[in-house]
Amino acid sequence: MASSVASKTFLAAPRTDGSLGSLLPDLRRQLPSPNVQILIRSRTPKKLQVKAAGSTFGTYFRVTTFGESHGGGVGCIIDGCPPRIPLSEADMQVDLDRRRPGQSRITTPRKETDTCKIYSGVSEGVTTGTPIHVFVPNTDQRGHDYSEMSVAYRPSHADATYDMKYGVRSVQGGGRSSARETIGRVAPGAVAKKILKQFAGTEPWFLAKPFPQRLCLQILAYVSQVHNVVLPEDVVDHEMLTLDQVESNIVRCPDPEYAEKMIAAIDAVRVRGDSVGGVVTCIVRNCPRVCSIYLSHSHGLGSPVFDKLEAELAKAMMSLPATKGFEVGSGFAGTFLTGSEHNDEFYTDEFGNIRTRTNRSGGIQGGISNGEIINMRIAFKPTSTIGRKQNTVTREKKETELIARGRHDPCVVPRAVPMVEAMVALVLMDQLMAQHAQCHLFPINPDLQGTMKLPELEPANFQM
């Protein structure tokens, strides 16, 4: 670099060791100037700068989140969004309202409207293909609630590790480790959902029921466990599950009987200032049929080796706050089966499509979606910040006791449902764009990549 280079006059005496120095007298006689200018790098050491990363997700459809729990606000930058997509704040607000605090007695009492505003990337109601800036202000801040936590570390929270890594942290609300950061995920997740719907034709109004349910690409998550209340797997029909069923109660469990049990379990610990964890199940219907009516063929999403679809989903899910486990398909339960019991045998359905009789693979084989329902489960630990006395240490390494104040969810899983859906949508959107970049430049192999065969149906009289 120019700043690290000095210009010095060469005045060395002739050398007799055969090196360059012995030739310098002859060189100097041939040069028009009596001095030779040689560039010498400065030996002054440069300061090492380490730039922290980790706030950007995705390769083609990229999302960067920003903001702290009790700062001025939170939001995201969406880069790589295709142009000419109709988009408004209302498209994002639906899922932001599902995520927001203060929804019911079993969530944090913090009152935020979480009203989003688009500041760039949209013109006259459509995306321009340039970065989309979305911002949500914080309006119900109580920074004084965290005065004790500024000197003492909350057990199982990010307080200590942030201090040890960066030497500084945002004390109020946990800063970037707060679940409030997920606003910057849910908003772009809603955008991804809309693009997937538009691209995949996920509302085929011209087909009669029940086939729209079978043909639509849909992402649905729900609560399947709270503490020791476990929803049996055979209770929910993943083929027919609807958003209305999930949203029918405050815990977001599609079965009313088990929903009441889950709510009671959360209430029991909430009044004691404690917390519990749980599991969110997420399904994706018809993932490889994202080309169902607008393109001439369909492919699976995902790639072999490092970019397997389940690997991308695992990273997305485990990046959410409070996550501690991820399973796809049979998951850990599959380890108790033999190969003959676990294998998903193939067959040809009545329309000539290759299907599997069972779905222990969870809709993904070899890292690529196979057309069956993708199902995954994400484990969330009990909320770290609780209102009970705990032993801890201060920043000065002195042992002490802490009763954390502030407003926190006694169980995070009800509000985690839209977060999970958002991250799945971001993964599928990114994988879809990668699929087009690699596989849609050249003609298909019609023997293996033909159009999905559908039944011949009369147009239905759906009201638009």
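Reply: Let us begin with a term: a salt bridge is a side-chain nitrogen of Lys or Arg within 4 Å of a carboxyl oxygen of Asp or Glu. The model is predicted, so local features need pLDDT of at least 70 and side-chain atom pairs count only at pLDDT 80 or more, while totals for chains, interfaces and linings use all residues. Residues are numbered from 1 along each chain as its sequence is written, and side-chain values use heavy atoms, with hydrogens and water left out.

Me: How many salt bridges does a search of the whole structure find?

Reply: The search finds 25 salt bridges. In one of them, the side chains of R185 and E181 meet, with 3.0 Å from N to O.

Me: Are R185 and E181 buried or exposed?

Reply: Buried means under 20% relative accessible area, exposed means over 50%, and partly exposed lies in between (1.4 Å probe, protein chains only). R185 is buried, at 11%, and E181 is buried as well, at 8%.

Me: Which residue forms a salt bridge with D91?

Reply: The partner is K194, and the closest N and O atoms are 3.0 Å apart. Helices (H or I, at least four residues) and strands (E, at least two) are DSSP runs, numbered from the N terminus. D91 lies in helix α2 and K194 in helix α4 (residues 183-200), so this pair ties together parts that are 103 residues apart in sequence. D91 is partly exposed at 27%, and K194 is partly exposed at 25%.

Me: Where do K389 and E401 lie?

Reply: These two side chains meet in a salt bridge of 3.6 Å, N to O. The pair links distant parts of the chain, twelve residues apart: K389 is in the loop between β18 (374-380) and β19 (390-393), and E401 is in strand β20 (residues 399-402). K389 is exposed, with 54% relative accessibility, whereas E401 is partly exposed, with 47%.

Me: Which residues are linked in a network of salt bridges?

Reply: The network links D95, R98, K193, E247, R252 and E421.

Me: How is the packing of two helices described?

Reply: Two packed helices are described by the angle between their axes and the distance between the axes. Axes are lines fitted to C-alpha atoms, for helices over the stretch in contact, and angles run from 0 to 180 degrees between N-to-C directions. Here, helix α2 (residues 89-99) packs with helix α10 (residues 413-439) at about 145 degrees, and their axes are 7 Å apart. Contact means heavy atoms within 4.5 Å; D95, R98 and R99 of α2 make it with R415, V417, P418, M419 and E421 of α10.

Me: What is the order of the strands in the open sheet?

Reply: Two strands pair if DSSP finds at least two bridges between them. The open sheet has five strands in the order β3-β4-β5-β9-β6, with antiparallel pairing. Its edges are β3 (56-57) and β6 (117-120), each with a single partner strand, so one side of each is left without a neighbour in the sheet. β3 pairs with strand β4 (residues 62-67) in the antiparallel sense over two bridges, and T64 in β4 is the bridge partner of T56.

Me: Where is T356 found, and which residues outside its sequence neighbourhood does it contact?

Reply: T356 is in strand β15 (residues 354-356) and is buried, at 6% relative accessibility. Leaving aside neighbours within four places in sequence, T356 is in contact with D344, E345, F346, Y347, Q365, N370 and E372.
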